[in-house]
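Work through the exercises below with the sequence and the structure open. Try each task before reading its solution.

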Amino acid sequence: SEQSDKGGKVLTDLHVFVLDRGGKPLQPCRPGRARKLLKAGRAVVVRHTPFVIRLIDRTVAGSTVGGVEVGLDPGSRHTGIAVFTERGGSRAGKYSIQLDHRGAAIRDKLTARSSYRRGRRSRNLRYRAPRFRNRARPEGWLAPSLRHRVDTTMSWTARLRRWAPVRAVHVERVAFDTHALSAGRPLEGIEYQQGT
């Protein structure tokens with residue numbers, strides 16, 4: 001497990017991202033192959049976490065690029081991101097990241113900010129202008145903790161698209177009815193208010 005500089009935690013560091021001479025993504029390679037390329041002077045290190053190399057003597061036009069897919073498993077505290085290839089119905093993992101969300105920290109900071117604001121309002125400040133007409137929320141507004149979750153997931157997806165030839169992005173969207181699962185049968189109406 002390796003901590004990244006942008007809040008993500010790399011769980012499996014199976015493959016190395018490879019860029020061509022112009023900075024366009026090529027197929028990821030194994031660390032042993034990357035080590036040989038660096039030792040031979042055919043590649044240079046672009047980034048350390050995640051590890052990205054750039055080939056000096058190769059372009060996308062002269063290479064065979066099969067492409068990779070990205071899978072997203074969003075959650076309230078963590079989001080899992082996997083880079084994989086799919087051939088013949090079987091998937092081979094290339095890279096995976098666990099994003100640790102700061103939703104609780106953002107909520108706590110907003111609560112503290114609210115208490116400071118309430119204290120300012122109760123004080124008798126002579127020159128503070130009244131502020132009461134800035135309460136309308138814009139169209140498409142999201143709570144700051146949820147906005148952070150969406151933005152970090154989207155920024156990591158955009159980064160992976162810069163380092164790997166992403167062909168598709170899959171998002172897992174699942175809703176579990178835990179009460180019906182524990183009951184073992186479909187529930188209706190008042191049945192949801194009964195039980196553990």
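**Exercise 1.** Which side chain does a polar contact join to the side chain of His101?

Solution. The model is predicted: local features need pLDDT of at least 70, side-chain atom pairs count only at pLDDT 80 or more, and totals for chains, interfaces and linings use all residues. Residues are numbered from 1 along each chain as its sequence is written, and side-chain values use heavy atoms, with hydrogens and water left out.

Step 1. Find His101 in the loop between β9 (90-100) and α2. Helices (H or I, at least four residues) and strands (E, at least two) are DSSP runs, numbered from the N terminus.

Step 2. The partner is Thr79, at 2.5 Å. A polar contact is a pair of N or O atoms within 3.5 Å; within protein, one must be able to donate a hydrogen and the other to accept it, and residues adjacent in sequence count only if both atoms are side-chain atoms.

**Exercise 2.** Why does His101 count as buried, whereas Asp73 is partly exposed?

Solution. Step 1. Recall the classes: buried means under 20% relative accessible area, exposed over 50%, partly exposed in between (1.4 Å probe, protein chains only).

Step 2. His101 counts as buried because its relative accessibility is 12%.

Step 3. Asp73, in strand β7, is partly exposed because its relative accessible area is 38%.

Step 4. List neighbours, where contact means heavy atoms within 4.5 Å. Leaving out residues up to four places away in sequence, Asp73 touches His78, Thr79, Gly80 and Glu172. With that same exclusion, the contacts of His101 include His78, Thr79 and His148.

**Exercise 3.** Which residues of the largest nonpolar core touch the most other members?

Solution. Step 1. A nonpolar core is a set of buried Ala, Val, Leu, Ile, Met, Phe, Trp, Tyr and Cys residues joined through side-chain atoms within 4.5 Å.

Step 2. This core has 16 residues, and those touching the most other members are Phe17, Val70, Ile81, Ile97 and Leu160. Two or more residues come from each of β3 (16-19), β7 (68-73), β8 (78-87), β9 and α3 (144-163).

Step 3. Check Leu160: residues up to four places away in sequence aside, Leu160 touches Phe17, Val70, Ile81, Val83, Ile97 and Val166.

**Exercise 4.** Where is the cis peptide bond with omega of about -10 degrees?

Solution. Step 1. Most peptide bonds are trans.

Step 2. The cis bond joins Thr49 and Pro50. Pro50 lies in the loop between β5 (43-47) and β6 (52-55).
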